[in-house]
Amino acid sequence: MATPAARIVTCPSCGGRSVYAPENPYRPFCCERCKNADLGAWATESYRVPARPTTADDREEPTQ
Ligand SMILES: [Zn+2]
């Protein structure tokens with residue numbers, strides 16, 4: 001209701017409502033906390049890009 005350009009979107013982090021407008025520097029997130037949380041998760045995730053799972057697949061067991 002503040003600016004005509006304001007839109008309400010879903011915050012990708014918490015799923016809550018977020019104001020997508022220049023007045024919200026954390027858009028599309030609803031707040032700084034959500035933005036940081038999402039970036040943190042992303043960084044963590046990209047750190048462990050699975051090269052190859054070294055589990056059951058690695059040991060070639062005979063089919064019996
Ligand atoms: Zn949020």
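1. Of the 64 residues in the protein chain, 8% count as buried. Buried means 20 or more other C-beta atoms within 10 Å of the residue's own, exposed means 12 or fewer, and partly exposed lies in between, with C-beta atoms placed from the backbone.

2. This is a predicted model: local features need pLDDT of at least 70, side-chain atom pairs count only at pLDDT 80 or more, and totals for chains, interfaces and linings use all residues. Residue numbers start from 1 along each chain as its sequence is written.

3. Confidence comes next. The mean pLDDT (the predictor's confidence in each residue, from 0 to 100) of the protein chain is 79, and 62% of the residues score at least 70. Helix α1 (residues 32–47) has the lowest confidence, with a mean of 76, while β2 has the highest, at 96. Where pLDDT is low, the predicted coordinates should not be read in detail.

4. The protein chain holds one helix and two strands. Their order from the N terminus is β-β-α. Helices (H or I, at least four residues) and strands (E, at least two) are DSSP runs, numbered from the N terminus.

5. Strands β1 (residues 7–10) and β2 (residues 17–20) run antiparallel, joined by four bridges. Pairing requires that DSSP find at least two bridges between the strands. I8 is placed opposite V19 in β2. The hairpin of β1 and β2 has six residues between the strands, and G15 there takes a positive phi near 80°.

6. V9 deserves a separate look. V9 sits in strand β1. V9 is classed as partly exposed because 15 other C-beta atoms lie within 10 Å. Leaving out residues up to four places away in sequence, V9 touches S18, Y20 and P28. A contact means that the C-beta atoms of two residues, placed from the backbone, lie within 7 Å. R27 is 18 residues from V9 in sequence, with a C-alpha to C-alpha distance of 8.8 Å.

7. Last, sequence range. Take the contacts in the protein chain between residues at least 6 apart in sequence: 7% of them join residues at least 24 apart.
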